[in-house]
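Hi,

Here is the structure I promised to pass on. Have a look at it first, and my notes on what turned up follow below.

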Amino acid sequence: MNADGTSPTQTAPNQTASTDTAPEEILITGSRIRRANDESPNPITTITAQDIFSSGRVSIGDVLNDLPQLRPTVSSQNSTSGLGVRGLNLLDLRGLGTARTLVLVNGRRHVSSEIINNGNAPDINTFPTDLIEKIDIVSGGNSAVYGSDAIAGVVNFVLKDSYDGVALHGQTGISKYGDAGNQYLSVVAGKNFAEGRGNIAVNLEYAHQQDYYASGRPNLRQNDGFVVVDTDPAGAVNGSDSVPDRIFVRDLRSTTISTGGQVGIRYANTAAAPCGVDSAGSAFTCSYLFQPGGTLTPQTGTRIGLGPNGSFTGGNGYIGREGQLVVLSPELNRYAANLIGHFEISPALVPFIEAKFVRSEARGSQSGPFFSQGQTLADGISVAGFNDRSYVLTNPTGNGPVNREGIRLDNPYLSASARTTLAAQLTAAVNSGVNPNTGAAFGTTAAGIAQRNSSLAQIADGSYRFSSRRNYVDLGIRDENIRRETYRIAGGIRGEFNGDWQYELAGNYGVHTERNVIQGNVNRQRFLLANDTALNAAGQIVCRSQLDSAYAGTDRGGNPAQLAADVAACVPLNPFGDGGISNAARQYLTVATTATGKATQFQGIGFMSGDLSQLFELPGGPIAFSFGGEYRRETLTYDLDPFTQAGYAFYNAIPSFRSPAFEVKEAFGEISIPLVKDVPLLQELTINGSGRVADYKGAVGTVYAYGGGVNWRPIRDLLVRGSYSKSVRAPYLGELYSAQSQNFTPAPNDPCSARNIGTGSSTRAANCAAAGAPAGYDYVYTSSLELISGGNPNLEAETSKSYTLGGVFTPKLIPGLSISTDYYNITVDKVISAVTAQNILNLCYDLAHAEQSVLRPVHTRRRRRRAAGRNSLPRFGRLAAPVDRQLSPS
C-alpha cells in the first residue's frame, strides 16, 4: 500500500473499454514481432502473478509443475534425487528434459544453476515472485527466434516494467500433518519520477520451506508396491506363461538391508531348502536381524517374490522409510534482492536496468546414510598364506582375496549366541552345496569337494566371513548443505522511432556460485580398517591391521603415509545392532567434504522490429518484420575436495571440471505477411516465417534453425493456426568436456538370470549360454554398480522438428471467454544421451550375435525420440548426471 493509503500501481498505458479501439500490440513470447496476444502463431499458456499467490506456495516452479505441459523432473519435492541438486527447481517442458526447455527473463537468457549435472538450466526459485507480471509457456521448437535449447519450447518470465508505491506481502502455511511449513515475506517499493518518464523499484524477498519426510505421512511411511512373483521362460508363447509376473502388496520389508544389520544365508535350490523356495524353485535366503545390543533374531513376516532374496510383507524387517531416510522436500531458505528501472530520455531512447542477488541455502538429503552389504566397497586384499573362501570358490595364487567388508565369525563384538547361530547356518549352507554368501555351487568334482571342506574348516576356526547388510544410520545421514548465490545484471537501451519501429540493445551478465558441504560422509579406507577387528594379546579389541600389516591393504589415494596414519589411529567398529557404534568410532569414520562450482554467462543481443506500413500494405495489412544478432559466452567449473577426488569418501569421486568457454555468434530474423482480411471465410490469412544461423565454437560449427506458420480466421470468432519449426540444441559444456569419472547406476537386472531370460530377444538365451551362464543361473544385484561416465568433445548439435495445430475460439456473445486447443508433435533427432547400464547389459545378449554388440561410450547417439499429444509424457533418456550409490528396494 502507498504511503498515502492508496493502492500501489504498475505504470501502464491508458486503456479504454471501447470496442472500437484496436487491440494493444505487445511483444509476446514466441516472436519478437509485436502483435495482439490472441493472434499468436504459437500456442501460449499464460500464468499471472495472482495465479502464483493463490496457490499458497512459496516456489514458482512448484506452481508451474502442476501444469500438464511441464514435468516435475527436478522440483522442490524431488530435488533430492541426485547429487548436488537439493533445493533446485528446474523446468522440463513436455518431458523432453530440462536441457531442452529454454527459460527466459524478459526474453533474455538467465545464468544456469545446474552445475554438477553440467546443465544449462536456471533455478526458477531465484526469480522475483512479486515482480512477475506473467509467465508465458510456448510449446514447440523456438530456436529460430530464441536460439539453442528451445527444442520443447520456451518459458518466458515477464517482469513488471515499473512499480509505483510500497507493498508488503506475507504468507505462511503448514500441512494437516503438522509438517511442510512454509513462510514467505516480500516488500516492493517503487517510485515514478520526471513526470512519469522514469521509474525505479526494489523488491526484497525471504522464503522458507521446511523439510519433511515420508515417516511423517501415514500414506507414505509404509512401503507398498509391486513385487515380481513369476518369470516367463525363454520361448514362451507371446512372451508370457499366462501367470501374472507382478502383484501389488502392502507393507513390504527388505530382505537385503536393515539399520542394525541383516544377514541372508544362501542355500542350494532344492525343495528341502530350510527357508522355503519361490514359484520357480529358487531357495530363499534364511534371514536374520541384529537387534540393539547385538542380539540376533530371525526375520519375520510373510515371504513373497522370487528368491534368493524376495521380500517380506509385515514382520520385523526394515521398511526403508524410517526417520529421515526418505525426504519428501528439502529445507530451503531463500534471500533475494531485485532492482528494475528505466528512464525515458525520449521515446526513441530509454535506458533500462534489471539487477538481482539471490542467496539460497538448502538442506535435506536423499542419499541416506552410508551402507554396506558385504561387497559394496569391492574390497579384496592379498594375505600371504591365507586363501579366504568366504566370497570366492577358487583362487589361483593361494593368497586371498580377503574381503574386509565381510565380518569374521571370530569378531570380538559378535555375541556367543549369535556366533553359534551363524556358524550353524553357514555350515548347513555349505553342506547344501553352495557358498553361503554368493550362492555359487561347489560342484561334485574333487576340486569342488576340496573347496567345500576348506570353507567348513574356516567356519570352524572363525576365519570365515559373512555379510552384515546394514544402513548405517548410527553414523548419521549423509546430508548436503548447499549455499548458492546468483548475481545477474541486464541493461541496455530501447526505444520507438519512425512511428512504428522498435529496437533494443542489451547486455546480460550472470554469475552463479555454490558451495556444498557434505556432512556424514564415511571414509571408505578407514571403514574397512575399523570393520575388521580382533583381540590383541591383552584381550583388547583392536583393528586387525594393527596386529597384522597384511590386513591394511594399499592406500586408495596412493599415499602410504596416509594409510599408515589411518592404521595407527584406527578405532574398532561394533557393526552389530542400532546404537552400538561409539562416538570415537563415529569421529574416526566420518568426515565433512566440500564441493564448489561456478557458472557464468554473458549475452549481448540487439534486434529491431516494425512494419512496412509507411511504404506499402498488402490486402491484409502491412508486412511486419524483426531482425537482430546475438553473442553468448558461458563458462562452467566444478571442484571436489582432494580427499573425495582421491576416492577416500563414500561419494562420487568426480574430478575437477575446467573447460573451454561455450561461445556462439548468431543472426536471426522474422517476417509476418498478412495476405488478406475482411472477406468471406478469410477474415484473416497471415503467414509467418523465422530463421536463425548460429556459429558455435568447437565441433558443432554452423547450424541453422527455421520455422513457419499460418493464421487463418474464417470468421471473427475463430482463429485456426498451425506451425512447423526446425530447432537445434548445441551440446553444453559438461556434455562436451566433463572428464570420465566415477558414477553409479541403480541395481540392474542381470539379463541372463532365469527371472529375466524370457524378457529379452529370441537370441538372449543362446547368447547367455554361449557366454558361460550355467543352467539355473539366477543372479540378483542388490545394490548399485559403479561405472564410468563423462563427456564427448565430438558431439554435434541435436535437431528437432515440431508441428503444432490448433484453434482459438472467442465468441463475441460471451465477452472475455477464450477457448483454445492445440496439438503438438515434437521429434528430436541426434539425441545427446547416455546409454544406461541396463541397456548395455541387454545389448550384450539381445543382438543376433553377442560378438556384434558395440558398447559405445557415454553421451552416445540414440536415433530419435518423439513427444506427441496434448499431455504426452515420453520416456526420454536423461544425461549421465551424477547418481549416488543406491540400495535396491529389497
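This is a predicted model: local features need pLDDT of at least 70, side-chain atom pairs count only at pLDDT 80 or more; totals for chains, interfaces and linings use all residues.

Before the cysteines, one cut-off: a disulfide here is a pair of cysteine sulfur atoms within 2.5 Å.

**Disulfides**

By that rule, the count comes to three disulfides. I'll stay with Cys752 and Cys768 for a moment. The torsion about their S-S bond is about -85 degrees, so this disulfide is left-handed. The pair links distant parts of the chain: Cys768 sits in helix α11, while Cys752 is in the loop between β37 (741-745) and α11 (764-770), and the two are 16 residues apart. Both ends are covered up: Cys752 counts as buried at 9% relative accessibility, and Cys768 is buried with a relative accessible area of 2%. There is also a cysteine without a bond, Cys844, which is in no disulfide. For Cys844 the nearest cysteine sulfur belongs to Cys752, 9.1 Å away.

Next is the disulfide that joins Cys543 to Cys570, again with an S to S distance of 2.0 Å. Its torsion about the S-S bond is about -80 degrees, so the link of Cys543 and Cys570 is left-handed. Cys543 lies in strand β30 (residues 541-543) and Cys570 in the loop between α7 (560-568) and α8 (583-589), so the bond ties together parts that are 27 residues apart in sequence. Cys543 is buried, at 0% relative accessibility, and Cys570 counts as buried too, at 8%.

Then there is Cys275 with Cys286, whose sulfur atoms are 2.0 Å apart. Which hand does the link of Cys275 and Cys286 have? This link is right-handed, with 115 degrees about the S-S bond. Cys275 is in the loop between β15 (262-265) and β16 (286-290), and Cys286 is in strand β16, 11 residues apart.

If you number the bonded cysteines in sequence order, the pairing reads 1-2, 3-4, 5-6.

**Salt bridges**

Side chains of opposite charge can pair when their charged atoms come close. A search of the whole structure finds 41 salt bridges, and I picked out a few to show you.

Arg716 and Asp678 meet through their side chains at 2.2 Å, N to O. This pair links distant parts of the chain, 38 residues apart: Arg716 is in the loop between β35 (701-715) and β36 (718-729), and Asp678 is in strand β33 (residues 662-679). Arg716 counts as partly exposed at 46% relative accessibility, and Asp678 counts as partly exposed at 44%.

Glu684 and Arg713 form another salt bridge, at 3.4 Å from N to O. Glu684 and Arg713 are buried.

There is also a network: salt bridges that share partners join Asp388, Arg408, Asp410, Arg465, Asp532 and Arg544 into one.

Finally, Arg632 forms a salt bridge with Glu634, and their closest N and O atoms are 2.8 Å apart. Arg632 and Glu634 are both buried.

**The chain as a whole, and its surface**

How many helices and strands does the protein chain have? There are 12 helices and 41 strands. Of the 890 residues, 54% are buried. Among contacts with a separation of 6 or more, 72% come from residues 24 or more positions apart. The chain exposes about 35,800 Å², and carbon and sulfur atoms supply 56% of that.

One surface feature to look up is a nonpolar patch formed by Phe809, Leu813, Ile814, Leu817 and Ile819. Together these residues have about 490 Å² of accessible area. Phe809 is in strand β39 (residues 798-809) and is partly exposed, with a relative accessible area of 35%.

That's what I have for now.

Cheers

Note on methods. Residues are numbered from 1 along each chain as its sequence is written. Side-chain values use heavy atoms; hydrogens and water are left out. Helices (H or I, at least four residues) and strands (E, at least two) are DSSP runs, numbered from the N terminus. Buried means under 20% relative accessible area, exposed over 50%, partly exposed in between (1.4 Å probe, protein chains only). Contact means heavy atoms within 4.5 Å. Accessible areas come from the Shrake-Rupley method with a 1.4 Å probe; for residues, only the protein chains shown count as cover. Patches are made of residues with over 30% relative accessible area and no salt bridge: like charges are joined within 9 Å, nonpolar side chains (Val, Leu, Ile, Met, Phe, Trp, Tyr) within 5 Å. A salt bridge is a side-chain nitrogen of Lys or Arg within 4 Å of a carboxyl oxygen of Asp or Glu.
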